[in-house]
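Subject: Structure handover

Hello,

Please look at it first, and then read the notes below.

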Amino acid sequence: MPVAQLVGVAAQFLSRKRGLSMRRTAFCPVGSSVIVTGAGRGIGAAAAVRLAADGLHVVACDLDAAGLHDTRDRIVANSGSCEVLTADVTSPQDCQQVAERAASGAQPLRGLVNNAAVGAFAMDVESTTLAEWNRIIAADLTSVFLMSKVSIPLIRAAGGGVIVNVSSVHAYATSPAVAPYAAAKGGVLALTRTMALDLAVDSIRVMALVPGAVDTPMLQSHAEREGKSLAELGFPSGPNAIARIADPEEIAGTIAFLLSRDATFMTGSALVADGGMLAKF
Ligand SMILES: NC(=O)c1ccc[n+]([C@@H]2O[C@H](COP(=O)([O-])OP(=O)(O)OC[C@H]3O[C@@H](n4cnc5c(N)ncnc54)[C@H](O)[C@@H]3O)[C@@H](O)[C@H]2O)c1
């Protein structure tokens with residue numbers, strides 16, 4: 001067989017082997033550990049509770065120590081396994097500490113949920129200072145880079161796994177004056193794609209999750225700041241299921257699915273869980 005043909009056959013073999021290995025190992029099995037950022041409340045807390053209930057050891061971090069302790073109490077009350085760390089995911093040192101804590105446990109790290117972010121509304125380009133822009137991009141985009149950077153070597157060493165990056169419908173369709181938040185969440189989608197391509201060889205899937213409106217402190221404080229009800233802001237609850245607000249537990253269920261063995265053919269894309277919000281115009 002000519003050399004070029006041999007090389008082609010070998011490449012095909014390797015690529016098929018890689019695909020199979022992704023199927024066998026690119027998920028979070030029971031007994032492995034998963035890092036959840038922003039786990040002190042809202043979607044992150046619900047995800048931490050759900051993943052622990054599913055048999056994962058959860059390494060939960062947040063800026064908010066009190067919120068983290070509530071999350072830990074909920075997990076422990078449910079006989080789940082977790083540890084909590086107060087950490088700022090915009091700090092490379094704090095991210096390193098979270099990864100070191102995950103590495104020091106008995107359970108191999110197989111998952112990372114990059115969920116922490118800050119909401120930022122009433123901010124168009126002209127009214128946003130550079131300092132505010134940098135703060136929001138750091139919390140909502142750079143944090144994904146930083147936590148992934150320190151977690152990837154651990155997930156790779158464990159034989160593969162999954163990274164879920166929480167984006168937002170604002171990555172696709174937005175409203176006026178959401179400049180830094182929408183830009184960061186769009187960046188999360190692009191980062192997800194390139195990470196998925198880079199990490200497939202290591203049996204690491206990378207997915208973005210695109211929630212619509214979810215009933216969390218982030219959404220409630222947005223309504224309070226605007227001095228309007230959620231309905232006035234365009235989030236009606238009515239007989240039509242489309243455009244109702246999600247419970248954080250529903251989004252946690254979607255995160256659990258993305259980390260699971262049922263999602264081993266999903267990587268580099270975004271799963272929209274928005275109750276039909278993006279279907280409307
Ligand atoms: N709630 C919604 O309607 C909605 C919709 C779409 C997307 N999202 C996204 O879902 C994710 C969770 O949102 P939520 O509604 O639960 O928000 P939330 O504000 O209720 O909770 C976010 C948590 O992240 C933590 N956090 C923020 N910055 C941090 C930092 N630098 N380091 C560590 N922890 C930090 C906060 O302390 C808080 O506990 C975010 O990425 C958000 O953008 C939310």
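I start with the strands. β1 and β4 pair in the parallel sense, over four bridges. One of the pairs across them is Val36 with its bridge partner Val113 in β4. Please keep in mind throughout that this is a predicted model.

On its other pairing, β4 is joined to β5 by four bridges, and these two strands also run parallel. Here Val113 stands opposite Val164 in β5, and Leu112 has Ile163 in β5 as its bridge partner. β5 (residues 161-166) in turn pairs with β6 in the parallel sense, over six bridges. Val164 has Met207 in β6 as its bridge partner.

How well covered are these strands? β4 is mostly covered, with six of its six residues buried. In β5, six of the six residues are buried, so the strand is largely enclosed by the rest of the structure. In β6 (residues 204-211), eight of the eight residues are buried, so this strand too is largely enclosed by the rest of the structure.

The side chains of a regular strand alternate between the two faces of the sheet. In β5, Gly161, Ile163 and Asn165 lie on one side and Val162, Val164 and Val166 on the other, and all are buried, so that both faces are covered. In β6, Ile204, Val206, Ala208 and Val210 point one way, while Arg205, Met207, Leu209 and Pro211 point the other way; all of them are buried.

Next, helix α4. It covers residues 92-104, which makes 13 residues, and its span from first C-alpha to last is 18 Å, close to the 18 Å expected at 1.5 Å a residue. Its buried residues are Asp94, Cys95, Val98, Ala99 and Ala102. Seen down the axis of α4, these fall within an arc of 140 degrees, so they line one face of the helix. They pack against β1 (33-37), β2 (57-62), β3 (81-86), β4 (109-114) and α5. Gln93, Glu100 and Ser104 are exposed, on the face of α4 turned away from its buried side.

Two buried residues in other helices are worth a look. Ala48 is in helix α2 and counts as buried because it has 35 C-beta neighbours inside 10 Å. Leaving aside residues up to four places away in sequence, Ala48 touches Val36, Ala39, Val58, Ala60, Thr71, Ile75 and Cys82. Of these contacts, Thr71 is 23 residues from Ala48 in sequence, and their C-alpha atoms are 7.4 Å apart in space.

Val144 lies in helix α5. It has 28 C-beta neighbours inside 10 Å and therefore counts as buried. With residues up to four places away in sequence again left out, Val144 touches Asn114, Asn165, Val188 and Leu191. Val144 and Gly234, by contrast, are 90 residues apart in sequence and 29 Å apart in space, C-alpha to C-alpha.

Now the ligand. Which residues are closest to the ligand? They are Gly38, Gly42, Ala117, Thr216 and Met218, out of 29 residues that surround it. The shell divides into 14 nonpolar, eleven polar and four charged residues. The helices α2 (42-53), α5 (130-157) and α7 (217-226) each supply at least two residues of this shell.

Last, two backbone angles to check. Most residues other than glycine have a negative phi. Ala122 is not a glycine, yet its phi is positive, about 55 degrees. Its place is in the loop between β4 and α5, and with 12 C-beta neighbours inside 10 Å Ala122 counts as exposed. Ala177 is not a glycine either, and its phi is positive at about 65 degrees. Ala177 sits in the loop between β5 and α6 (179-199). With 16 C-beta neighbours inside 10 Å, Ala177 counts as partly exposed.

Regards

Key. Residues are numbered from 1 along each chain as its sequence is written. This is a predicted model: local features need pLDDT of at least 70, side-chain atom pairs count only at pLDDT 80 or more; totals for chains, interfaces and linings use all residues. A residue is near a molecule or strand if its C-beta atom, placed from the backbone, lies within 6 Å of it. Ala, Val, Leu, Ile, Met, Phe, Trp, Tyr, Cys and Pro count as nonpolar, Asp, Glu, Lys and Arg as charged, and the others, Gly among them, as polar. The expected span of a helix is 1.5 Å times one less than its number of residues. A residue is buried if 20 or more other C-beta atoms lie within 10 Å of its own, exposed if 12 or fewer, and partly exposed in between; C-beta atoms are placed from the backbone. The arc is that of the directions from the helix axis to the C-beta atoms. Two residues are in contact if their C-beta atoms, placed from the backbone, lie within 7 Å. Two strands pair if DSSP finds at least two bridges between them.
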